[in-house]
Amino acid sequence: MSAVTGKWWQEGVFYQIYPRSFADSNGDGIGDLQGIISKLDYLAELGITAVWLSPVYQSPNDDNGYDISDYQAIMADFGTMADWEALLAGLHARGIRLVMDLVVNHTSDEHHWFVESRKSKENPYRDYYIWRKGKDDPEHPEPNNWGSFFSGSAWKHDPQTDEWFLHIFSQKQPDLNWENGRVRDDVFDMMTWWLDKGVDGFRMDVINFISKAPGLPDGAVHGDARYGDGAAYYINGPRLLEFLGEMNQRVLAGRDVVGIGETPGVDPDYAAKVVNPETGPLDMVFQFEHMGLDTDPAGTSKFDVAPWSLEALKQVTVRWQNGLEGRGWNALYLSNHDQPRQVSRFGNDTRYWRESAKLLATFLHTQQGTPFIYQGEELGMTNVPFDSIEDYRDIETLNFFREQRALGRSETELLHGIHVKGRDNSRTPIQWDDSPNAGFTTGTPWIKVNPNYNEINAAQQIADSESIFHYYRRIVALRKQHPVLIYGRFQLVLASHPQIFAYTRTHGDSVLLVLLNFSDTSATPAGIVDETGHAGGDVLIGNYARSGRIEMEGLSLAPWEAVVVKV
Ligand code: TEU
Ligand code: CA
């Protein structure tokens, strides 16, 4: 049980919209705000209670809006401020809150702060960014050895002043210097401006990268990597809690809004400090441990893939469920715009597509914490293995491909990693119906539609009461009716079962037993009666035809069967 209860952001379910790929209203091939407005009844039918909107601000789109050139203007591709206001009103009219993306570890290099900053060393904005002199070493002229998330060095030389600026992401995403109090003033004023317009909170992009260790020391070099890993010096840095505390005091405190940090590289102990109900500056964080389970530890990037194991998924889940019990609140997710499609990654997207998508929905909604559904997940949308690198749009994928080709790796090998892990898997347009381009646009979509839209689309699933969409609708509704689903203490059972992920949730007198068969063959939860003391109970929800009371003794779970039992 959490130390804090009854908050709207705990009891609700969030839905993430990646606006470029959601719905296009004017035929230019790019999703937009009017497109979202046209689908508000769809969101209301699903039953979600809050939307996290990926960036819609003015941006040159080097990283699809995560490179912002004006925090207080709307990207022309997406519409106008009046469209945004209409979206907010339309959501609020349906009882749905709106959480905006806040990207303040870095700006675009086209932001006027950076345009000024690069002009001269004396410019009043110079110190808004992280500038350093280069080294005398012709082989390694960069100020330190850090690599960028998007390949290459994390530094770029600027001829105008003959200094280098830091960019942990792309060359068009210079990192802000949070040591400078004027940067903090400007960011906090901008946040307050949005809150005054009525937004219900922020999802804060890589917010735990904002404090860099003094001296910016070189990072460790893994294997034969060309650059060092600076993470130890910019993740959870020395002043992070201070900066977030200041943000809390000056911006968030006293308002009924949510602060959700995106925090790669946090562990439960650090997270518990960030989201402590009394002293923590934020309310929830997105941790990444389960997102790393299919990365080969011997590789040099996330594209070096390895099979994930159920055992490891159980370990990570338990670590976070127990790790924040009573001292924080989990943000639950299996997908987002940076990750592959969950049914392709953790399920079986061919033979047991429908069953495994519903099992993953059950897993997401039966842990302690707040579920985040990523657009299209509720339709069981799948990965898309484009044959050619030409079809990809994501800067991370394209830079990686170019860099690795230059190092001599084969196209086939690289495309394999990209098929499994590339971010464009989750950025193909939402499949609304079986008309051309899946009903996403009447024009040419900015990225190809997944060719499976004839079988997988919203219109078909809305008409089919057994669809993945209706399963999501039911489980979202169920969570609202059963506080045990929200607040119950999580306890793993059948810990070493090779196929079944089983756990109980307990809240006062209310006990649920969740059984998830993560495999293509049937499985028996042998020993569960002894371990839990529960012989059976009533089925609350499941993805096979079961109803009424079921007994644990002799129970066999079908492939990818999920069942939630009230004992
Ligand atoms: O992502 C940060 C992050 O650490 C990763 O998920 C990363 O983008 C990538 O997928 C690593 O392989 C956030 C945003 O969600 C992402 O879309 C942006 O590209 C990034 O920050 C920079 O703003
Ligand atoms: Ca459009």
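1. Ligand 1 is surrounded by 19 residues, the closest being Asp63, Asp205, His337, Asp338 and Glu396; a residue counts here if one of its heavy atoms lies within 4 Å. The model is predicted: local features need pLDDT of at least 70 and side-chain atom pairs 80 or more, while totals for chains, interfaces and linings use all residues. Residues are numbered from 1 along each chain as written, chains are lettered from A and ligands numbered from 1 in written order, and side-chain values use heavy atoms, without hydrogens or water.

2. By class, this shell holds nine charged, seven nonpolar and three polar residues. Asp, Glu, Lys and Arg count as charged; Ala, Val, Leu, Ile, Met, Phe, Trp, Tyr, Cys and Pro as nonpolar; the others, including Gly, as polar.

3. Oxygen atoms of ligand 1 lie 2.5 Å from a side-chain N or O atom of Asp63, 2.9 Å from a polar side-chain atom of His106 and 3.3 Å from one of Lys302. On its own, ligand 1 has 490 Å² of accessible area (Shrake-Rupley method, 1.4 Å probe), and the protein covers 95% of that.

4. Asp24 is buried, at 11% relative accessible area, whereas Asp28 is partly exposed, at 35%. Buried means under 20%, exposed over 50%, and partly exposed in between (1.4 Å probe, protein chains only).

How values were computed. A polar contact is a pair of N or O atoms within 3.5 Å; within protein, one must be able to donate a hydrogen and the other to accept it, and residues adjacent in sequence count only if both atoms are side-chain atoms.
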